[in-house]
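User: Hi! Could you walk me through this structure before I start setting up my calculations?

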Amino acid sequence: MFCRHYELGLDGADSAFSVDASNLTFGAGCLLEAGDVARGLGISRIALFTDRTLAKTVHVAVVRDSLRAAGVDVALYDAVRVEPTDASFQAATTFAVDAGVDGFISVGGGSVIDTAKAANLYSSHPADFLAYVNAPIGHGAPVPGPLRPHIACPTTSGTGSECTGIAVFDLLEMKAKTGIASKMIRPTRALVDPDCTLTLPANVVASSAFDVLSHALESYTARPYNRRPAPSRPSVRPASQGANPWSDLGCAEALRLIGRFLERGVADAADVEARHQLMWASTLAGIAFGNAGCHAPHGMSYSVSGLVRDFLPDGYPSDQPMVPHGMSVIVNSPSVFRHTGTNSPDRHRDGAEWLGADVADLGDAESGEVLADQVVRLMKSTGMPNGLEGVGYGAEDIAGLVEGALPQRRLLDNAPIEIDRQILTSLYEGALRYW
Ligand SMILES: NC(=O)c1ccc[n+]([C@@H]2O[C@H](COP(=O)([O-])OP(=O)(O)OC[C@H]3O[C@@H](n4cnc5c(N)ncnc54)[C@H](O)[C@@H]3O)[C@@H](O)[C@H]2O)c1
Ligand SMILES: [Fe+2]
């Protein structure tokens, strides 16, 4: 089934895909291995990155104690900003330079892991801040060489940042999110301990699981790798290479797990099986989208979070309005999948089935609609916002949302359809409310 999708390559398109396997350890209690892993990587003084909430948890204590017991000197940085910005990335870089470390360990969600990636990059290869930021917002300069070792320990079942070469932040003066994308910034190792999820607030479980769901659906329905123009030389083949038979494997299993365990994991913090399985889904989807790339729902999410006015979600720090990443993505996803359904009906039908919809007798014309309806059903049952209106936007904001999304070419060009201003406008219109 998987390979048939790739039979129709295009002239001048790429004819091969690359697998950059992530180097990770998964299992309850594996945070205890931090000291041994750091020593194995030759680290003697390490920057331990986390945020203020996590700094008080057992997860950070376990990692710090394990490092110290292994004889590794620890410099703690707990000032990571949840939903980081260019300013917070730069503050973290200053810390890394002053601390004189020879390695990094991040204990936290995507905000913490991405901040450690950026601090590692700019302290290893100093440059003007916009140098490595994705074009056209930044200059997209290649990272000149290897970074210091970075061990990533995710504590949310969401971003998969431990498996990717991406660091996302808010560029404050543009009020838009953007990122840095390079295989060089992918963490050296990941320790994925699913017990970390047992302390997560329900709303963070839900938001981050919808991030996973959309990573998997977007990677699975992305433009196939053999319909993307061939790279000028193999070494510049992008990580966002499009759907491919390897990423399909992770997407399929991640979606089955989300379909089975999402509602249980949100409803009950004591449901260890559900929370552990959501962490495995997050890891699988991270591996998949790290090799395939997301598309329109993520591209559209960057202005949804960047232009936030006064949305203050439960379970997140209340000192600043924010649209958490998973929510900023999922409010767009049903509208996008309704639109892309006819492009690859089989794939939209697969997604709907894996998420628990009844797809018996489903015709090609309806598969996008049925997938979107199933995502909306799950959003409703887990307390997600009702589309863009649920996070504070109205029809009058659509022009601004479109303006913020248009520069996200890395993501928009990975979509299975051409995305221009007119299509983006209708996708946001379709995302205003779902029920
Ligand atoms: N690099 C990538 O590949 C990638 C992919 C997707 C998203 N992102 C980025 O990641 C960020 C979002 O990350 P996230 O969704 O993982 O959440 P997060 O890191 O923003 O954390 C959300 C909240 O949960 C708290 N928290 C985290 N783990 C906890 C735990 N185990 N127990 C109790 N509280 C806990 C944090 O303190 C914070 O208040 C966004 O900036 C997003 O753009 C990056
Ligand atoms: Fe994401």
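User: Great. What kind of model is it, and how is it numbered?
Analyst: This is a predicted model, where local features need pLDDT of at least 70 and side-chain atom pairs count only at pLDDT 80 or more, while totals for chains, interfaces and linings use all residues. Residues are numbered from 1 along each chain as its sequence is written, with chains lettered from A and ligands numbered from 1 in the order in which they are written.

User: How is the protein chain divided?
Analyst: Into domain 1 (3-17 + 200-430) and domain 2 (29-192), with bounds that come from an automatic or database domain assignment. Their C-alpha centres lie 24 Å apart.

User: And how many residues are in contact between them?
Analyst: 31 residues of domain 1 are in contact with 23 of domain 2 (contact: C-beta atoms, placed from the backbone, within 7 Å). On the domain 1 side, helix H8 (272-292) gives the largest share, nine residues. Helices here are DSSP runs of H or I with at least four residues, strands are runs of E with at least two, and both are numbered from the N terminus.

User: Switching to ligand 1: where does it lie?
Analyst: Both domains give residues to its shell, so ligand 1 lies between domain 1 and domain 2.

User: Nice. Which residues are closest to it?
Analyst: Thr 53, Gly 109, Gly 110, Ser 111 and Thr 156 are the closest of the 33 residues that surround ligand 1 (near: C-beta atom, placed from the backbone, within 6 Å). Helix H5 supplies the largest share of the shell, four residues.

User: What's the shell like by class?
Analyst: It has 12 nonpolar, 17 polar and four charged residues. Ala, Val, Leu, Ile, Met, Phe, Trp, Tyr, Cys and Pro count as nonpolar, Asp, Glu, Lys and Arg as charged, and the others, Gly among them, as polar.

User: Now helix H4. Which residues are buried there?
Analyst: Ser 88, Phe 89, Ala 92, Thr 93, Phe 95 and Ala 96 (buried: 20 or more other C-beta atoms within 10 Å of its own; exposed: 12 or fewer; partly exposed in between; C-beta atoms placed from the backbone). Down the axis of H4 they fall within an arc of 160°, so they line one face of the helix; the arc is that of the directions from the helix axis to the C-beta atoms.

User: What do the buried residues pack against?
Analyst: Strand S2 (45-49), strand S3 (73-77), helix H5 (110-124) and strand S6 (166-171).

User: And which exposed residues are on the face turned away?
Analyst: Thr 94 and Asp 98.

How values were computed:
Contact = placed C-beta atoms within 7 Å.
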